[in-house]
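Subject: Structure handover

Dear colleague,

Here is the structure you were expecting. My notes on it follow below.

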Amino acid sequence: MEHRKICKEYIDRLAVCQVLSAEEFTYLILNYDQEVSDYLFEKARQVRTRYYNHDVYIRGLIEFTNYCRNDCYYCGIRSGNKKAIRYRLSKDEILGCCETGYLLGFRTFVLQGGEDGYYTDERMADIIRSIRDKYPDCAITLSVGEKSYETYKLFFDAGADRYLLRHETANEEHYARLHPAKLSGAARKNCLYDLKKIGYQVGSGFMVGSPCQTAGNLAEDLLFLKELQPQMVGIGPFISHHDTPFAKEKSGTLELTLFMLGLLRLMLPKALLPSTTALGTIHPKGRELGILAGANVVMPNLSPQGVRDKYLLYDNKICTGDEAAECRQCMERRMRSIGYEVVVSRGDNVDFR
């Protein structure tokens, strides 16, 4: 087929040049099939192995608050969801999660939460300093939303190494369809550039298959990430939550999410790419397939068992009833089953080692 031949030519060029035009990316997204995907994944694995061998880095995810001031239309912990059962972890509870994780071999802790005013800048900085003092050999990643340059700098000086802030969509019109009017894609992008200026290892990313998304939007996402040059990119399929305005929207597909992962690996060969929990939610072997598409990070949950089912950004999230040790052991078995090895390491981007 002519489409298949053109797609493979574009993939070959992407592997060499690490960028395509918006039109070429759009063509790939609209015309790939399983044979083209398999061709892409083989190339992606070759690139991934060149920089990261068969190592899989684990991050200990600590979801420390599900309060959020924002009302994003796709999110289960949006401020407008009055049915959400809210919780906050204390500093001691967060440190307890870190202690559990450290004993299980985690050397990166990811503090993720909604934009919760209870955690003032000083309160967060104190938590970060405490983790840094107790675990000097570990990386601290934050994922707590949009802040000022001064706040980001305070957290960095306190000991944070990395920051995850998904741009969600690079197209301003599409951004406005997913978020209330007080939020803007431009402000989100400015935060990402602030984080880079300060010196963080920066992570961004987007949802695949979100409402109103087009192939052209996804091409814009890729080109924005090429310009940003983040050290990490987190993508996952859109999955609806029953208490949001998008409750009846279709979820993103496994196939397209994996294809986008493969494109990202060729475009940003040194990036840290998680195989996300959302992938595991839409397919029993979704996380394994993500690794085989070019990803090299997984993020088992270290949150206390009693709150895991309350941090629901989307429906049917997996592993909400597992203990931390179960998550760790399960992930190790899953990765070994496909020829990869979970390693005890901070798992930095190669350019930050």
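Which backbone oxygen lies 2.9 Å from a polar atom of the side chain of Thr 108? That oxygen belongs to Arg 346. Please keep in mind that this is a predicted model.

Thr 108 and its surroundings

Thr 108 sits in strand β3, which covers residues 108–113. With a relative accessibility of 0%, Thr 108 counts as buried. Besides the approach to the backbone of Arg 346, the side chain of Thr 108 makes a polar contact of 2.9 Å with the side chain of Arg 162. Setting aside neighbours within four places in sequence, the residues in contact with Thr 108 are Ile 58, Arg 59, Gly 60, Ala 139, Thr 141, Arg 162 and Arg 346.

Helix α3

Helix α3 runs over residues 34–52. Its 19 residues, at 1.5 Å a residue, should span 27 Å, and the 26 Å between its end C-alpha atoms agrees with that. Buried in α3 are Val 36, Ser 37, Leu 40, Phe 41, Ala 44, Val 47, Arg 48 and Tyr 52. Viewed down the axis of α3, these buried residues fall within an arc of 130 degrees, so they line one face of the helix. In general, an α-helix has 3.6 residues a turn, so residues three or four places apart point the same way. The cover over the buried residues of α3 includes α1 (2–17), β1 (55–58), α10 (254–267) and α12 (286–292).

As for the two ends, a side-chain oxygen of Asp 33 comes to within 3.2 Å of the backbone nitrogen of Glu 35 at the start of α3. After α3 comes Asn 53, which has a positive phi, near 50 degrees.

The sheet with β1

Strand β1, part of the cover over α3, also belongs to an open sheet of three strands in the order β10-β1-β11, with parallel pairing. β10 (297–298) and β11 (341–343) are the edge strands, each pairing on one side only.

Cysteines

Searching the whole structure gives zero disulfides. For Cys 191, the nearest cysteine sulfur is that of Cys 72, 13 Å away. Cys 191 counts as buried, at 7% relative accessibility. For Cys 212, the nearest cysteine sulfur is again that of Cys 72, 15 Å away. Cys 212 is partly exposed, with a relative accessible area of 48%.

Regards

Notes. Residues are numbered from 1 along each chain as its sequence is written. This is a predicted model: local features need pLDDT of at least 70, side-chain atom pairs count only at pLDDT 80 or more; totals for chains, interfaces and linings use all residues. Side-chain values use heavy atoms; hydrogens and water are left out. Helices (H or I, at least four residues) and strands (E, at least two) are DSSP runs, numbered from the N terminus. The expected span of a helix is 1.5 Å times one less than its number of residues. Buried means under 20% relative accessible area, exposed over 50%, partly exposed in between (1.4 Å probe, protein chains only). The arc is that of the directions from the helix axis to the C-beta atoms. Contact means heavy atoms within 4.5 Å. A polar contact is a pair of N or O atoms within 3.5 Å; within protein, one must be able to donate a hydrogen and the other to accept it, and residues adjacent in sequence count only if both atoms are side-chain atoms. A disulfide is a pair of cysteine sulfur atoms within 2.5 Å. Two strands pair if DSSP finds at least two bridges between them.
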